[in-house]
Amino acid sequence: MSRFPETFLWGASSSAFQIEGGWDEDGKGMTVADYNSFKRSDRQADSKVASDFYHHWQEDIALMKELGMQIYRFSLSWARIIPDGDGEVNPKGVEFYHRVIDCLIENGIQPFVTLYHFDLPYALVEKYNGWEDRRCIDAFVKYAEVCFKEYGDQVKYWQVTNEQNLMIRVDERMNINEPDPWKADKIRAAMDYHMFLAHARATKLCHEIVKDGKIGPAVSSTCTYPLTNKPEDVWAAKMNDYMKTVYCLDMHYYGKYSGLYMRYLKERDIVPEMLEGDEEILKYGRPDYIAFNYYRTLCASYLPADEEHPAGMRVYRGNEVDFDQYGWCRDERNTNLQASEYGAQIDPMGLRIVLNDYWSRYHLPMIITENGLGMADTLTEDGKVHDPYRIDYIREHIRACGDAIEDGVELMGYSPWSFEDLLSSHQGFRKRYGFVYINREDMDLKDLARIKKDSYYWYQNVIKTNGEVLD
Ligand code: BG6
């Protein structure tokens, strides 16, 4: 007997700018993700062709079917549907996703659709500096409405944003170019708040428009261990999770910032402008489920806030921390874990911890929408890709899911990253995650052939046996 319920959804994931290519075809507008990838295009792949899903979608969906996928988690490109972000709808863009969604359904695969995966239409940056301005909320809601009306008869699972909690801390993704750290954080806090409002409005709209629709966020999960059992280190580890992830889930669930997060916003003097009516909007945006992405765990030691800063906070940049953040914690290496060649500390047990933690906090059904191992795979002379390391990684993480289900966690499904090789955020096509190899290099498009890796056949068997093969 399998540990996974009969209804368990097995899938795989991707996102628009990382696979589609056709970046300006059929009227698509430029996005922030395109813009940032073009900055690096002298050195590595950009979003112009990516995995060329735009011209290979039928072939790719046939491979998804053969793999046995029950869901496909992917994102729509806002700028393909509304090229300038808030103006005219582009019929060709709308049509493209109709064809993809029809084809998925004909092949027995449920579409699991994200509305916004790091790719804000660039026109909105030019007009409003994107999320800094409340008009971006209206633009997003208009886009969401178009999607719910166009695809809502067929798409029942929706995700508003991918990793708002991580995206907000990556200046490049938000187009935060402010050199002064305090001003940058002030802009960040406003953007974050506006995205929460957009999230809540889109959630409410989905419930109104899509019959039996389910909608939720996909957060970047964090699980931080204290370096020692010193209370300060424990506090630092907890705060890292709290300030990076839990505050975001709390906002989605309760519709307001928790005391701790408000304290931070106040002390840093960056409380965003909150208008009358906002509270009401946020209250009605409660998600139906929580999706999260999980790759690794972190380790932290206490780092006192800088006394010199008037708000008692301190901004660290550079290698001390994994990305911009304020005070309290220093990123440490966990000597009990092995790290991937790209530095991710591999930790299946951490996934069980996160699943139990979020379940006990919110008691909402959950789904894992990303989990995987980025490696520099090679196509060998036999025309194959042997990736035993990926099989090991995914096997152990699926086992952790099984353990969590036995712990009583309501887990709806598992959709690892990624279905096919795609444009990694920082390492182009050097770092690959897919079950399907895309025959291209960063600076050489080759023939873009699709080649099933060893992990593809292995995962196919996992799905076929509903995970029983792992027991
Ligand atoms: C997640 C993102 O944070 O991590 C994906 O949702 C991304 O878009 C993935 O590709 C892996 O990160 P990277 O930097 O290796 O591509």
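A residue is called buried when its relative accessible area is under 20%, exposed when it is over 50%, and partly exposed in between, with a 1.4 Å probe and protein chains only as cover. By that rule Cys136 is buried, with a relative accessible area of 0%. The model is a predicted one, in which local features need pLDDT of at least 70, side-chain atom pairs count only at pLDDT 80 or more, and totals for chains, interfaces and linings use all residues. Residues are numbered from 1 along each chain as its sequence is written, and side-chain values use heavy atoms, with hydrogens and water left out.

**The ligand and its surroundings**

- The ligand is surrounded by 13 residues, where a residue is near a molecule or strand if one of its heavy atoms lies within 4 Å of it.
- The closest of these residues are Gln18, Glu163, Ser425, Lys431 and Tyr433.
- By class, the shell consists of 4 nonpolar, 6 polar and 3 charged residues.
- In this scheme Ala, Val, Leu, Ile, Met, Phe, Trp, Tyr, Cys and Pro are nonpolar, Asp, Glu, Lys and Arg are charged, and the others, Gly among them, are polar.
- A side-chain N or O atom of Gln18 is 2.8 Å from an oxygen atom of the ligand.
- For Glu370, a side-chain N or O atom is likewise 2.8 Å from an oxygen atom of the ligand.
- A polar side-chain atom of Asn162 lies 2.9 Å from a ligand oxygen atom.
- Of the 380 Å² of accessible area that the ligand has on its own, the protein covers 89%; such areas come from the Shrake-Rupley method with a 1.4 Å probe, and for residues only the protein chains shown count as cover.

- Helices (H or I, at least four residues) and strands (E, at least two) are DSSP runs numbered from the N terminus, and two strands pair if DSSP finds at least two bridges between them.
- Strand 4 spans residues 157-162 and is mostly covered, with 6 of its 6 residues buried.
- Strand 3 (residues 110-116) pairs with strand 4 in the parallel sense over 4 bridges, and Val113 has Trp158 in strand 4 as its bridge partner.
- Strand 4 also pairs with strand 5 (residues 214-220), in the parallel sense and over 4 bridges.
- In strand 5, Gly216 is the bridge partner of Gln159, and Lys214 is the bridge partner of Tyr157.
- Strand 5 is largely enclosed by the rest of the structure, because 6 of its 7 residues are buried.
- Strand 5 and strand 7 (residues 290-293) pair in the parallel sense over 3 bridges, with Ala291 in strand 7 as the bridge partner of Ala218.

**Cysteines**

- The structure holds 0 disulfides, a disulfide being a pair of cysteine sulfur atoms within 2.5 Å.
- Cys103 is in no disulfide, and the nearest cysteine sulfur, that of Cys147, is 19 Å away.
- Cys103 counts as buried at 13% relative accessibility.
- The sulfur of Cys136 is too far for a bond, because the closest cysteine sulfur, in Cys147, is 14 Å away.

- Asp185 is placed in helix 10 (residues 181-209) and counts as buried at 5% relative accessibility.
- The side chain of Asp185 makes a polar contact with the side chain of Arg268 at 2.9 Å.
- A polar contact is a pair of N or O atoms within 3.5 Å; within protein, one must be able to donate a hydrogen and the other to accept it, and residues adjacent in sequence count only if both atoms are side-chain atoms.
- Met64 belongs to helix 3 (residues 53-67) and counts as buried at 0% relative accessibility.
- Pro365 sits in the loop between helix 14 (348-362) and strand 14 (366-370), and is buried with a relative accessible area of 17%.
- The C-alpha atoms of Pro365 and Glu410 are separated by 5.1 Å, and the two residues are 45 residues apart along the chain.

**Backbone geometry**

- Most residues other than glycine have a negative phi, and most peptide bonds are trans.
- The peptide bond from Trp417 to Ser418 is cis, with omega near 10°.
- Ser418 is found in the loop between strand 15 (411-414) and strand 16 (436-438).
- Ala50 is not a glycine but has a positive phi of about 45°; Ala50 is buried, with a relative accessible area of 0%.
- Asp269 has a positive phi near 60° and counts as exposed at 51% relative accessibility.
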